[in-house]
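Please look through the structure below, then follow the paragraphs that come after it.

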Amino acid sequence: MTRRLLVEADGGSRGNPGIAAGGAVVVDLETDALLCEVGVYMGIASNNVAEYSGMIAGLEAAFDRDAEASVLVRLDSKLVVEQMSGRWKIKHPDMQVLARKAQALIAGRDVTFEWVPRLSNKRADAAANESMDLRESFRRDLDGGRD
């Protein structure tokens, strides 16, 4: 049976552009165990670039945990969800680079994207804010559900 993982991802920028970071958490959908928290400090960047960076970091963490997992990615960025789902074009050059990186990461894998309201994305938002506050990236692999 294929393991099902959830990636909640977010990004933030204090100013747009401004101090920015992406954040993500990885959760085992069957047990609801929190497996990983990650923050990606960007320096000065736009909110959208931070959103993509948080999503990529979350996907990398999920596939590090289980390369064969089925992954549901939830973001509060309608732009990123629609672009990654192929429904909207990606016009900004920085986002095109990040989208290609994400597309290469998910190629041939079972990954779906879902938009959620901002209030439903608190854990990823907290990771992004922690990374901005620290002005550094971090990754915490947690014991929950370790194979």
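Tyrosine 52 is in contact (heavy atoms within 4.5 Å) with Val80, Gln83, Met84, Ile90, Met95, Leu98 and Ala99, leaving aside its neighbours within four places in sequence. The model is a predicted one, in which local features need pLDDT of at least 70 and side-chain atom pairs count only at pLDDT 80 or more, while totals for chains, interfaces and linings use all residues. Residues are numbered from 1 along each chain as its sequence is written, and side-chain values use heavy atoms, with hydrogens and water left out.

Tyr52 is also among the residues with the most contacts inside the largest nonpolar core, together with Met55, Leu59, Val71, Val73, Met84 and Phe113. This core has 37 residues; such a core is a set of buried Ala, Val, Leu, Ile, Met, Phe, Trp, Tyr and Cys residues joined through side-chain atoms within 4.5 Å. Buried means under 20% relative accessible area, exposed over 50%, and partly exposed in between, with a 1.4 Å probe and protein chains only. At least two residues of the core come from each of S1, S2, S3, H1, S4, helix H2 (78-84), helix H3 (93-106) and S5. H1 gives the most, with 10 residues. Helices (H or I, at least four residues) and strands (E, at least two) are DSSP runs, numbered from the N terminus.

The strands form an open sheet of six in the order S5-S4-S1-S2-S3-S6, with mixed pairing; two strands pair if DSSP finds at least two bridges between them. Strand S5 (111-115) and strand S6 (138-141) each have a single partner strand and stand at the edges, so one side of each has no neighbour in the sheet. From one strand to the next the twist averages 15°. Helix H4 (residues 122-134) packs on the sheet and touches S1, strand S2 (18-28), strand S3 (34-45) and S6. The direction of H4 makes about 140° with that of S2; axes are lines fitted to C-alpha atoms, for helices over the stretch in contact, and angles run from 0 to 180 degrees between N-to-C directions.

Strand S4 (residues 70-75) pairs with strand S1 (residues 4-15) in the parallel sense over six bridges. Leucine 6 stands opposite leucine 72 in S4, and alanine 9 has leucine 75 as its bridge partner there. S4 and S5 also run parallel, joined by five bridges, and valine 73 stands opposite phenylalanine 113 in S5. Five of the six residues of S4 are buried, so this strand is largely enclosed by the rest of the structure.

Serine 77 is found in the loop between S4 and H2. Its relative accessibility is 6%, so serine 77 counts as buried. Leaving aside neighbours within four places in sequence, serine 77 is in contact with Glu51 and Trp115.

Asparagine 47 lies in helix H1 (residues 47-65). Asparagine 47 counts as partly exposed because its relative accessibility is 23%. Not counting residues up to four places away in sequence, asparagine 47 touches Gly11, Gly12, Ser13 and Asn16. Asparagine 47 and valine 81 are 34 residues apart in sequence and 14 Å apart in space, C-alpha to C-alpha.
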